[in-house]
Amino acid sequence: MLTIWGRSNSLNVQKVLWCCEELSLGYKRIDAGGPFGVVNTPRYLSLNPNGLVPTIEDDGLVLWESNVIVRYLAAKHAAGSMWPEDLRVRAEADRWMDWSNTTFWPALRILFLGLVRTAPEKRDPQALEQSRLKTAEVLRIVDAHLATHEYLAGSALTMGDIALGCGAWRWMALPIERPPLSNVQRWFDLLAQRTAYRTFVMPAAELRVRKISTSRRCVSPCMVETSSGKSRRLAGSPPSRRAIQSVLPSSFGSESCAGRR
Ligand SMILES: N[C@@H](CCC(=O)N[C@@H](CS)C(=O)NCC(=O)O)C(=O)O
C-alpha cells in the first residue's frame with residue numbers, strides 16, 4: 001500500500017493527494033510536518049533527510065520532492081493521460097512543473113507567507129507589493145500560453161496542471177487585487193470543477209483540518225487517515241469568489257508551507 005507522510009494543508013502534500021485522487025489510488029496518509037512534528041525524528045530523517053513533507057513509500061521505494069512523486073505516480077498509473085506518452089506533450093507538462101517551483105512559487109511565496117503567516121504589524125508592505133506584482137507578471141506568461149491551450153499541456157489535465165494548480169489556488173484565494181487574466185481564470189475555473197481539486201486543494205481541506213484540530217483529534221503526530229475516508233469530500237459546485245473571500249484570511253491562517261524549498 002502506498003504511504004504518504006505529510007499534513008494535508010501543505011501545498012506540496014496537496015499535489016500528491018490531488019494526484020492520488022485523480023488516479024483513484026488507495027493510500028495511507030500519516031500526518032507529519034508543521035504542528036505534527038515527525039519530520040525531525042531519526043526514523044523520518046532516514047526516509048527524507050531534508051526533514052520536509054511530502055515523502056512517500058511505495059512497494060519499498062521511498063521518494064521525496066513533490067513534483068517527482070507526482071511524476072512517478074502519474075507515470076506508473078496514468079501513462080498516456082496524466083503522464084503524457086507523447087514526448088512533446090510530456091515535455092510541456094514537465095516544463096510547467098519545473099516553472100511552478102522555480103518561477104511561480106518563488107514569486108508568490110513572500111506575499112503568501114506575509115499575508116497568511118505574518119502578524120500585520122510585522123509585514124513589509126513593500127515586499128508584499130513587489131511579490132504581488134511579480135506574481136501577476138509571471139502569470140501573464142501562463143495566461144498567454146492558456147490562450148491556445150485548454151490545460152497547460154494541451155486538451156486534458158496532466159501532471160503539469162497539478163503542480164501549478166496548487167499554487168494557483170493560493171493566488172486566487174488571497175484577499176488581494178489581481179489583474180484580470182481571463183485565460184488563467186478559465187483554467188482555474190476548470191480545475192475548480194474537479195472534486196479532487198476542491199477536496200484536497202481548496203480551503204475546505206484546511207477548514208476540515210482546523211475543525212478536527214479544534215476537537216483535539218489531530219494532536220497525535222501519527223494520526224493515520226486512509227483514502228477510504230472519501231465521505232469527507234465536499235459536494236456541490238465550486239465556491240463563488242465571494243465565498244472564497246469570506247473564508248480568508250482566517251482559514252489560511254491554519255495553513256503553511258514552512259518556507260523551506
Ligand atoms: N521541494 C520540496 C519542498 C518541500 C517543502 O518545502 N515542504 C514544506 C511544506 S509545503 C515543509 O515540509 N515544511 C516543513 C513542515 O511542514 O514541517 C517538495 O516539493 O517536496
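The model is predicted. Helix α1 is largely enclosed by the rest of the structure, because eleven of its twelve residues are buried. The largest nonpolar core has 57 residues, and it lies between domain 1 and domain 2, since both give residues to it.

**Helix α1**

- Helix α1 runs over residues 11-22 and reaches 17 Å from its first C-alpha to its last, close to the 16 Å expected at 1.5 Å a residue.
- Its buried residues include the nonpolar V13, V16, L17, W18, C19 and C20.
- N12, Q14, K15, E21 and E22 of α1 are buried as well.
- The cover over these buried residues includes the strands β1 (2-5), β2 (27-30) and β3 (55-58).
- Helices α3 (66-77), α6 (159-173) and α8 (195-200) are also among the elements that cover them.
- Just after α1, S24 takes a positive phi of about 55°.

**The largest nonpolar core**

- Within this core of 57 residues, V16, W18, C19, V70 and M159 have the most contacts.
- At least two core residues come from each of β1, α1, α3, α4 (87-117), α5 (125-146), α6, α7 (182-192) and α8.
- Helix α4 gives the most to the core, with eleven residues.
- Domain 1 (2-80 + 201-232) and domain 2 (87-197 + 238-254) both contribute, so the core lies between them.
- In soluble globular proteins, nonpolar side chains tend to be buried together.
- Leaving aside residues up to four places away in sequence, V70 touches K15, V16, C19, M159, I162 and A163.

**I4 in strand β1**

- I4 lies in strand β1.
- I4 counts as buried because it has 25 C-beta neighbours inside 10 Å, where 20 or more are required.
- Apart from residues up to four places away in sequence, the contacts of I4 are V16, Y27, R29, P54 and I56.
- I4 and D58 are 54 residues apart in sequence, while their C-alpha atoms are 8.8 Å apart in space.

**Helix α5**

- The 22 residues of α5 should span 32 Å at 1.5 Å a residue, and the 31 Å between its end C-alpha atoms agrees with this.
- S131, R132, T135, L139, V142 and L146 are the buried residues of α5.
- These buried residues pack against α4, α6 and α7.
- An α-helix has 3.6 residues a turn, so residues three or four places apart point the same way.

**Backbone features in loops**

- The peptide bond joining V53 and P54 is cis, with omega about 5°.
- P54 is found in the loop between α2 (42-47) and β3, and P54 is one of the residues that I4 touches.
- V38, in the loop between β2 and α2, has a positive phi near 70° although V38 is not glycine.
- V38 counts as buried because 21 C-beta neighbours lie inside 10 Å.
- E65, in the loop between β4 (61-64) and α3, is another residue other than glycine with a positive phi, here near 85°.
- E65 counts as partly exposed, because it has 16 C-beta neighbours inside 10 Å.

Technical notes: Residues numbered from 1 in each chain as written. Predicted model: local features only at pLDDT ≥ 70, side-chain atom pairs only at ≥ 80, totals over all residues. Helix = DSSP H or I, 4+ residues; strand = E, 2+ residues; numbered from the N terminus. Expected span 1.5 Å × (residues − 1). Contact = placed C-beta atoms within 7 Å. Core = buried A, V, L, I, M, F, W, Y, C linked by C-beta atoms within 7 Å. Domains from an automatic or database assignment.
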